[in-house]
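Please keep the sequence and the structure in view while reading.

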Amino acid sequence: MMKFVKAHACGNDFLILEETVAHRNHAGLAKRLCSRNTSIGADGIEFLERRADGSYFLRLFNADGSEAELSGNGTRCVAAWLAYSEGLTEVSLGTHGGVRTCRVISSEGATFEIESGMGVPRVMPRAIVVEGVGTVEGAMVNVGNPHYVLFVDTPDFSAYGLSWQELGAKISTSPLFPHGTNVEFVRVESPEQIAFRIYERGCGPTTSSGTGTCASSTAAIAIRGAARELTAVAEGGAQRVVWPANEQQMMLTGPAEIICVGEALL
């Protein structure tokens with residue numbers, strides 16, 4: 001039997017497994033356990049390594065078995081689990097996208113409000129040519145992992161004659177991005193609020209994304225002149241972003257909830 005934890009942040013759900021159970025089969029476990037019809041189901045697995053010096057390191061594998069640099073929501077879910085199980089109210093978690101420090105703001109039972117340092121984002125306006133679509137205007141944003149952000153004005157987030165899901169799939173797997181990219185469709189609703197949809201590399205449409213929230217906010221601030229303190233609303237709910245200045249770290253605040261603890265057959 002293999003112990004697991006399931007948690008979600010605004011509906012973006014993850015399994016948390018100890019690195020010791022992986023046995024170098026991270027991708028295989030992700031594809032098997034994340035299946036929503038034949039297994040537990042999740043958008044990805046966070047493998048938690050407890051190092052000899054007392055530090056923590058996370059490896060994130062998406063539902064399709066691909067490895068990503070990090071997940072803002074997944075990192076927050078792990079921080080919530082460590083707060084719930086071990087009483088840690090502040091923890092630094094290493095990832096392939098950099099160290100992310102999470103601090104518990106409040107808690108009620110198994111639900112936590114957590115503030116996370118998300119590093120210094122980088123943004124570059126960039127038009128791309130998408131096969132079968134033509135030239136698409138947007139911006140490349142890096143917040144420890146890659147994103148392509150488009151601005152839309154449509155109520156359903158459609159763009160260039162396609163649904164956001166259809167266009168997101170085309171951009172995410174475009175040869176322009178050899179390692180794939182996350183894609184966000186952003187509607188600026190006021191200087192202090194944006195709404196957006198996420199097509200996530202490795203698992204498709206998701207209800208929320210921590211790094212997607214940061215990427216969308218970065219583009220809105222840098223390109224559309226939005227306020228540096230923003231509420232970003234995805235299908236799964238709202239998160240709060242603060243970016244004090246271009247060269248300073250972006251802070252992300254949002255919920256994370258422990259769903260269950262269980263055992264799966266090896």
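The model is predicted. Its largest nonpolar core has 26 residues, and a search of the whole structure finds four aromatic pairs.

**Nonpolar cores**

- Within the largest nonpolar core, the residues that touch the most other members are Val78, Leu82, Val91, Leu93, Ile114 and Ile258.
- At least two residues of this core come from each of strands S1 (2-9), S2 (12-18), S4 (56-62), S6 (90-94), S7 (100-108), S8 (111-117) and S19 (251-264), and from helix H2 (72-86).
- Helix H2 provides the largest share of this core, namely seven residues.
- Leaving out residues up to four places away in sequence, Val78 touches Ile16, Glu46, Leu48, Leu58 and Leu93.
- Another core, of 22 residues, lies apart from the largest one and includes Val143, Ile221, Leu230 and Leu252.
- As general background, nonpolar side chains in soluble globular proteins tend to be buried together.

**Aromatic rings and charges**

- Four aromatic pairs are found in the whole structure, and one of them is formed by Trp164 and Phe185.
- The pair of Trp164 and Phe185 is tilted, with 6.3 Å from centre to centre and 55° between the planes.
- This pair links distant parts of the chain, since Trp164 belongs to helix H3 (residues 164-172) and Phe185 to strand S14, 21 residues apart.
- Trp164 and Phe185 are both buried.
- Arg224 places its charged end over the ring of Phe151, 4.3 Å from the ring's centre.
- Arg228 lies over the face of Trp243, at 5.0 Å from the ring centre.

- Strand S12 (residues 139-142) has a covered face with Ala139 and Val141, and an uncovered face with Met140 and Asn142.
- In a regular strand, the side chains alternate between the two faces of the sheet.
- Strand S9 (residues 122-125) runs antiparallel to S12 and is joined to S12 by four bridges.
- Ala139 in S12 stands opposite Pro125.
- Strand S13 (residues 146-151) is likewise antiparallel to S12, with four bridges between them.
- Val141 has His147 in S13 as its bridge partner.
- A hairpin is formed by S12 and S13, with three residues between them.
- Gly144, in the turn of this hairpin, has a positive phi of about 100°.

**Asn182**

- Asn182 is located in strand S14 (residues 182-190).
- Asn182 counts as buried because its relative accessibility is 4%, and the limit for buried is under 20%.
- A polar atom of the Asn182 side chain lies 2.9 Å from the backbone oxygen of Pro146.
- Residues up to four places away in sequence aside, Asn182 touches Asn145, Pro146, His147, Tyr148, Tyr199, Glu200 and Arg201.

**Gly134**

- Gly134 is located in strand S11 (residues 134-136).
- Gly134 counts as partly exposed because its relative accessibility is 25%, which falls between the limits of 20% and 50%.
- Beyond its neighbours within four places in sequence, Gly134 is in contact with Ile128 and Val129.
- Gly134 and Tyr160 are 26 residues apart along the chain, and their C-alpha atoms are separated by 8.7 Å.

Methods:
Residues are numbered from 1 along each chain as its sequence is written. This is a predicted model: local features need pLDDT of at least 70, side-chain atom pairs count only at pLDDT 80 or more; totals for chains, interfaces and linings use all residues. Side-chain values use heavy atoms; hydrogens and water are left out. Buried means under 20% relative accessible area, exposed over 50%, partly exposed in between (1.4 Å probe, protein chains only). A polar contact is a pair of N or O atoms within 3.5 Å; within protein, one must be able to donate a hydrogen and the other to accept it, and residues adjacent in sequence count only if both atoms are side-chain atoms. Contact means heavy atoms within 4.5 Å. A nonpolar core is a set of buried Ala, Val, Leu, Ile, Met, Phe, Trp, Tyr and Cys residues joined through side-chain atoms within 4.5 Å. Rings of Phe, Tyr and Trp (its six-membered ring) pair if their centres lie within 6.5 Å; planes under 30 degrees apart count as stacked, over 60 as edge-to-face and the rest as tilted. A charge sits over a ring if NZ of Lys or CZ of Arg is within 6 Å of the ring centre and within 35 degrees of the ring normal. Two strands pair if DSSP finds at least two bridges between them.
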